[in-house]
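Welcome, and please take a moment to look over the chain below.

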Amino acid sequence: MEDMPVFTNDAVVLGLLMISLGFVFYTSSIKTGFWAKFYKIVPGVLMCYLIPAILNSAGLIDSSVSNLYFVASRYLLPASLVLMTLSIDLKAIFNLGPKALIMFFAATIGIIIGGPIAILLISIVSPDTVGGAGFDATWRGLSTLAGSWIGGGANQAAMLEIYQYNPEKYGGMVLVDIVVANLWMAIVLLGVGKSDRIDRWLQADNSAITELKDKVSAYTESVKRIPSLPDFIIILALAFGAVGIAHFGADEISSFLVSTFEVFQDKKSSLASFSSEFFWMITIATAIGIILSFTKFKQYEGAGASKVGSIFIYVLVATIGMKMDLGAVFDNPGLIAIGLVWMAIHVIILLVTAKLIKAPYFFLAVGSQANVGGAASAPVVAAAFHPSLATVGVLLAVFGYVVGTYGAILCTILMQLASGS
């Protein structure tokens, strides 16, 4: 039996997370001395992620006995997407051009070829790590990582069904997924604070992104007002009313697809991920936000709609950080090594592609997270650049769900060949 954390009451855990966020925002607002120098190196959003990770690693809290991530990802995430999309300029989003899609697919290719290359490289040092026979074969377990890192949880579940990896060993693959994906997310967030320097190295043209941020900022300024209590109530009504509609629609669509079409009932089907309630919830919430952006409700951006959405996002960031155990890196070094090499290849492909097409770091970061982190992480990373950009992360993450299972199957075939099976 695993050791229980010191704090298991979610009210206490939420209090610790909010104190952590408060500490970060208070210290980052100090413009002189140690903290000013510290936050020039370490972005505040990374600290919002790392402090809960440290609390988890120290055994004070544990996401596995908490419902906070579920609440944040199912309620606060869709609410934040609605509020951050409220003031979006859809035309300006499309004006960002094809580089966002190119970087997304470069990230996908990096995962597809990264798996088999990682197996080949690790087999030179430790053949047993990439071995195994029958349903214990390592490549079968790694297929679930491919599903998760290209699409999301639904694609990961589909790959487990398709390749029938030994359920008793599956926990090891989940550990690799959490450790490696969260380490990479931490590095991506670290890069947000250095994006200007990275863009100069990439010789990137980020004028379209700057123009979008400036347009949204100018609109916000034009409708800015001191918010009243009715303003906040209406903002929350829009957010959580949309969350309710998104959940209702997701339940109905998922149930309809599963009950009407056999292809969605078969968990081994490449289309099974489209019956995911989470996928439809995120899609519907984003669509509602886009629709509201064409109405007078858009003016609630002036009362702080995106700021309320940002609060929800930061709570989500903290709950994601809770899932990271810094000490778990040493629990299964062989599998972790495969994951790290795999992710390194993914990153190399991204950097080479970004350099060739002169894509801004924003597209690299969000394109990667739309694959590796999915709909829960991509808008977080996008919003770290500017709240108005969260929608870009969601739209790319939807592509991840679409290509996730197909890409993962191709990756698995290559990994099976690389392992000599």
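The chain has 19 helices and zero strands; helices (H or I, at least four residues) and strands (E, at least two) are DSSP runs, numbered from the N terminus. This is a predicted model, in which local features need pLDDT of at least 70, side-chain atom pairs count only at pLDDT 80 or more, and totals for chains, interfaces and linings use all residues. Residues are numbered from 1 along each chain as its sequence is written, and side-chain values use heavy atoms, with hydrogens and water left out.

**Overall form**

How does the radius of gyration of the chain agree with that of a compact globule? With 421 residues, such a globule would have a radius near 22 Å, and the chain, at 21 Å, agrees with this. The radius is taken over C-alpha atoms, and the globule rule is 2.2 Å times the number of residues to the power 0.38. Along the principal axes, the C-alpha atoms fill a box of roughly 65 × 60 × 50 Å.

Contacts (heavy atoms within 4.5 Å) tell us about the fold too. Of those with a separation of 6 or more, 85% are between residues 24 or more positions apart.

Buried residues make up 52% of the 421 residues. Here buried means under 20% relative accessible area, exposed over 50%, and partly exposed in between (1.4 Å probe, protein chains only). The chain exposes about 18200 Å², and carbon and sulfur atoms supply 67% of that area; accessible areas come from the Shrake-Rupley method with a 1.4 Å probe, and for residues, only the protein chains shown count as cover.

As for charge, the mean positions of the 23 positive and 25 negative charges are 14 Å apart. Lys and Arg count as positive and Asp and Glu as negative, while His and the chain ends are not counted. Each charge is placed at NZ of Lys, CZ of Arg, CG of Asp or CD of Glu.

**Cysteines**

A search of the whole structure finds zero disulfides, a disulfide being a pair of cysteine sulfur atoms within 2.5 Å. C48 is buried at a relative accessible area of 2%, and C411 is buried at 0%.

Q203 and K358 each have a positive phi without being glycine.
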